[in-house]
Amino acid sequence: MIHSSASNGGVAAYLKSGFSIFVSAFLVFGLAMAHAPAPAQAKNNGLGAAAVGLAAGLVIGGALSNAAKSQPKRRPPQKKKKPSYSKKKTYKKKKYSKPKSRSAPKKKYTKRKSNRKQTVRRSAPVNNVQSEVYQVKSALASLGHLSGDINDNRDRSYDQAIKSYQRAKRVAATGVLDNTQRQLLVREAEGRNMLIAMGSPNARVSTLESNKRIQRALQVLGYYKSGIDGKIGSGSRRAIASYQSNRGLPTTGDVSSPKAKADLISTARKSVETDVAAINAQFAQISRQQFASLNGGAVAPAKPAASQAVASTPAAPRIATGVSAAAPAVLPGGHLPTATKTALPSTASNFAAIEPVRADAKILRPNDVAVIIGNRNYKGDIPVVAFGHRDADAMKSVLVNDLGFSRSNVIDARDAGQAELVSIFGSKTNNRGKVWRLIDPDGKSNVFVFYSGHGAPDTQSNTPYLMPVDSHPDTIQLNGYPLSQMYSNLEGLDVKSAVVFLDACFSGGSAGGMLTQAASPVAVTAKMPAIKTSQKLTVLAAAEGDQLASWDEKSGFGMFTNSLVSGLKGNADKNNDKQITASELHSYVHNKVRRSARREFGRIQTPVLMGQADYVVRVKQ
């Protein structure tokens, strides 16, 4: 058997191979000689030669093996490494390619970052003055007075927007806001936005939106200070528990029931509306001061240099600083305040003319009686109801000319005092006033009552009152006329039906300013009294008890009256059956007033129907 190994070197391998061949050949030769046919002596000689050859082979092989082992071992040849020129070249490529691969996204990222900076720089104010301008523009836009771009300082509609807001608040429309007016504007915008965000207490919304409304309500009431995320976690539950504890409710930390949610949101809404009413009261006070200063009163005029200098500064257009709240800016050509006794005549020429009562109008309701009360000019410091007389004129026109009332059966009272209201409707113990005298003795009459003027609450009992022009809200329980008394006296008459239209609010505020000075406005709902004998009374009121009744300054009417007159003329006949029911009239007025109040003033005003919805108010001929 032949063995070879590359690890022992070339010489050792050849020696081993030669030795193995020699020994094998010698051994074969000896064996062949031993088995060859020959004499015995020859066989013995052959065996001897084989043994000698074997021994000699072993000796020689061992010597050769030792000689081979003594040869120095040599490592197998290895390939020489070529110069690392290619490696250096590759390395150079890597070194060159890495910065290149990093630089591309870095350049792209820098470009995007630059764009974002430019966008922020265009929209965000860069100093305190511009921040105030941006804040005022945002407030004017949210209240519907500014429709232009709030980031465009060259837009001239900003000046007109301030004047529009000032006119709405019955102060001098100078186009310049002093510090007090600016703060009131921003507060009002925040309040209006919060009212919109909370929505109606009974609105049906998704669970997430419902939770957000709960958080906003708690935020308004001062119980919740975290973000509005719609997640009722431990912080929201603690706020709910605090709210419940302070109001004497079971402290559960949960308002998941519809009633609990509605109560919470209603409480928050009343808080915001109270603040908004207080803002209107402050503007009414500013209006009175401005009017006094224009007429030589004791109110000191503002410093024109300070206000004009700031107003002419490009960085702060139309915002005056350093002007006292007791001395608002009144510049030449300013709008005369309309919340004063002589500011806005009821026959203003810029309003559309009212159709006069026709002497030849056809009498369609010979037995029906109408009462029209228009209270505009109140005594003392009570704000006027600017369109009280025009409201009464428009209602009288539609009742006689369109509905067919006899002029002799219309009781027309302007600026009625307490005694006159008693003489019309009767007292607490006697309902035989002017209405009782005019109705048919056989019970064939229907009675229509229209009232435009102030309403006020008794802050102790939350009882709503009609406000005679000689009354005062602080003593309304003494010199007012209770709304429930009018309802009760009408209910006690022997008539087929009685319908009452109220363009008034009973929250303690008004479109012309606050009425209740001794306390914050109280939310009072004008509820019908319990019906004793028959269901003959129907009431359509301009607003809920905790809302303001708005004015429509474009038409020169109360917003409710303007829609009411339009509906009675025939526009409320939704199904075109020639009849207008109380439900149809309410639906028509409700839709128009809610939309107009929100669009014009950012205000929520919801006309209310109480009584018989299917009562036929008018049959069209």
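## Helix 5

In helix 5, the buried residues are Y158, D159, A161, I162, Y165, Q166 and A168. Buried means under 20% relative accessible area, exposed over 50%, and partly exposed in between, with a 1.4 Å probe and protein chains only. Helices (H or I, at least four residues) and strands (E, at least two) are DSSP runs, numbered from the N terminus.

Helix 5 covers residues 157-168. Its 12 residues should span 16 Å at 1.5 Å a residue, and the end C-alpha atoms are 16 Å apart, which agrees. The expected span is 1.5 Å times one less than the number of residues in the helix. Just after helix 5 comes R170, with a positive phi of about 60°.

## The model as a whole

This is a predicted model: local features need pLDDT of at least 70, side-chain atom pairs count only at pLDDT 80 or more, and totals for chains, interfaces and linings use all residues. Residues are numbered from 1 along each chain as its sequence is written, and side-chain values use heavy atoms, with hydrogens and water left out.

The protein has 17 helices and 13 strands. It has 621 residues, of which 43% count as buried. Take the contacts between residues at least 6 apart in sequence: 69% join residues at least 24 apart. Contact means heavy atoms within 4.5 Å. The protein exposes about 33000 Å², and carbon and sulfur atoms supply 53% of that. Accessible areas come from the Shrake-Rupley method with a 1.4 Å probe; for residues, only the protein chains shown count as cover.

Two strands pair if DSSP finds at least two bridges between them. Strands of a sheet pair through backbone hydrogen bonds, either parallel or antiparallel.

Strand 4 and strand 5 run antiparallel and are joined by four bridges. Here A456 stands opposite Y465 of strand 5. On to the next pair. Strand 5 (residues 463-466) meets strand 6 over two bridges, again in the antiparallel sense. L466 has Y481 in strand 6 as its bridge partner.

## Helix 15

Helix 15 spans residues 483-491. Seven of its nine residues are buried, so helix 15 is largely enclosed by the rest of the structure. Those buried residues are L483, Q485, M486, Y487, N489, L490 and E491.

## Two buried loop residues

G556 sits in the loop between strand 9 (551-552) and strand 10 (557-558). It is buried, with a relative accessible area of 0%. Leaving aside neighbours within four places in sequence, G556 contacts F351, F387 and R390. The C-alpha atoms of G556 and D391 are separated by 8.4 Å, although the two are 165 residues apart along the chain.

R603 belongs to the loop between helix 17 (582-601) and strand 12 (608-610). R603 is buried yet has no salt bridge. The nearest side chain of opposite charge is E188, 5.4 Å away. A salt bridge is a side-chain nitrogen of Lys or Arg within 4 Å of a carboxyl oxygen of Asp or Glu. Lys and Arg count as positive and Asp and Glu as negative; His and the chain ends are not counted. Not counting residues up to four places away in sequence, R603 touches R192, N280, L548, S550, A597 and R598.
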